[in-house]
Structure formats: C-alpha cells, structure tokens
Amino acid sequence: MRAIRSNPDGVAKPVGTYSHAVRVETTDAIWIYISGQIANDLEGNLVGPGDLRAQTRQVFENLKAILEANGATFADVVKIGTYLTTLDDLAGMREVRSEYLTSEPPASTAVQVVALVVPDALIEIDLVAVVPA
C-alpha cells in the first residue's frame, strides 16, 4: 500500500496545511479521499456569496477536477459528506448535486453547521471514491 498526497491543477491551492486529495493504492483498489471543498475559484476567490446554488456548482466543479486528476469520476464516489450553513434553497443544492451524481447515489451525510472556516462559505463537501486497481 502507498499513499500519495496531491494538490492538483484545476483547483485553488489549499486554504490551510492539508492536501486536497490523498490517493491510497492497494493491490485491489485505489481509494481517493478528497478534503472538504468550498466554492473557491482557481484564484482562491469565493464564488457566489449568499448563493447556495452557485456555491454548490463551484464545489462540484472543484471535486470533479480533483477526481479527474486521480483517474476517477463521480460514478466512483462511494461516500459524500455535505456541510451547510443554511438550508435555504436546499432544493437548489440537491438539484445541482444530481447533475453530477447521475448514477447510483453514494452513501451520504448532510449536516447544518453554524459556520465554515471561510467566511461567507455556505457549503463544504468532502468525498471518498474507489476505483479498481
């Protein structure tokens, strides 16, 4: 087994001291653990302040870039964790999510939190994907 930490091109540099992804390679599978993503664009600017739908779309674009950099797609996602500071327009968030998670849905957790580390961030999503070795 080996673990490879990465901060792929296509997403802003991490806000703190962490890796966007850790790829764990075993003989049977490749596990990809993706750190919580917020709605930062490539320059690190928060997209869509006050707009859960716009932030959700940017978060999923960031997740997509990280998955692709690791040879995976949303079809490989087995677990998703969603952290929201508001439930206003939850339906909009789910609508955007369903555009990316089009096949069998993964195991999922969603919780409302008081705040995220980045002010004005309304949503943060982390996930785990598995692809055959």
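**Close-up views of a predicted model**

Phe 60 and Tyr 100 are both buried, where buried means under 20% relative accessible area, exposed over 50% and partly exposed in between, with a 1.4 Å probe and protein chains only. This is a predicted model, in which local features need pLDDT of at least 70, side-chain atom pairs count only at pLDDT 80 or more, and totals for chains, interfaces and linings use all residues. Residues are numbered from 1 along each chain as its sequence is written, and side-chain values use heavy atoms, with hydrogens and water left out.

**View 1. The ring pair of Phe 60 and Tyr 100.** A search of the whole structure finds 4 aromatic pairs; rings of Phe, Tyr and Trp (its six-membered ring) pair if their centres lie within 6.5 Å, and planes under 30 degrees apart count as stacked, over 60 as edge-to-face and the rest as tilted. The ring centres of Phe 60 and Tyr 100 are 5.1 Å apart and the planes meet at 20°, so this pair is stacked. Phe 60 lies in helix 1 (residues 52-69) and Tyr 100 in helix 2 (residues 90-100), 40 residues apart. Helices (H or I, at least four residues) and strands (E, at least two) are DSSP runs, numbered from the N terminus.

**View 2. The ring pair of Phe 74 and Tyr 100.** This pair is edge-to-face, with 5.6 Å centre to centre and 65° between the planes. Phe 74 sits in the loop between helix 1 and strand 4, 26 residues from Tyr 100. Phe 74 is buried, at a relative accessible area of 11%, and Tyr 100 counts as buried at 13%. Ring pairs link Phe 60, Phe 74 and Tyr 100 into a cluster.

**View 3. The largest nonpolar core.** A nonpolar core is a set of buried Ala, Val, Leu, Ile, Met, Phe, Trp, Tyr and Cys residues joined through side-chain atoms within 4.5 Å. Of the 28 residues in this one, Ile 34, Phe 60, Leu 63, Leu 67, Phe 74 and Leu 127 touch the most other members. Helix 1 gives the most to this core, with 7 residues.

**View 4. Strand 6 and its partners.** Two strands pair if DSSP finds at least two bridges between them. Strand 6 (residues 123-132) pairs in the antiparallel sense with strand 3 (residues 29-37) over 7 bridges. Ala 29 stands opposite Pro 132 in strand 6. Strand 4 (residues 77-84) also pairs with strand 6 in the antiparallel sense, over 7 bridges, and Gly 81 has Asp 126 as its bridge partner in strand 6.
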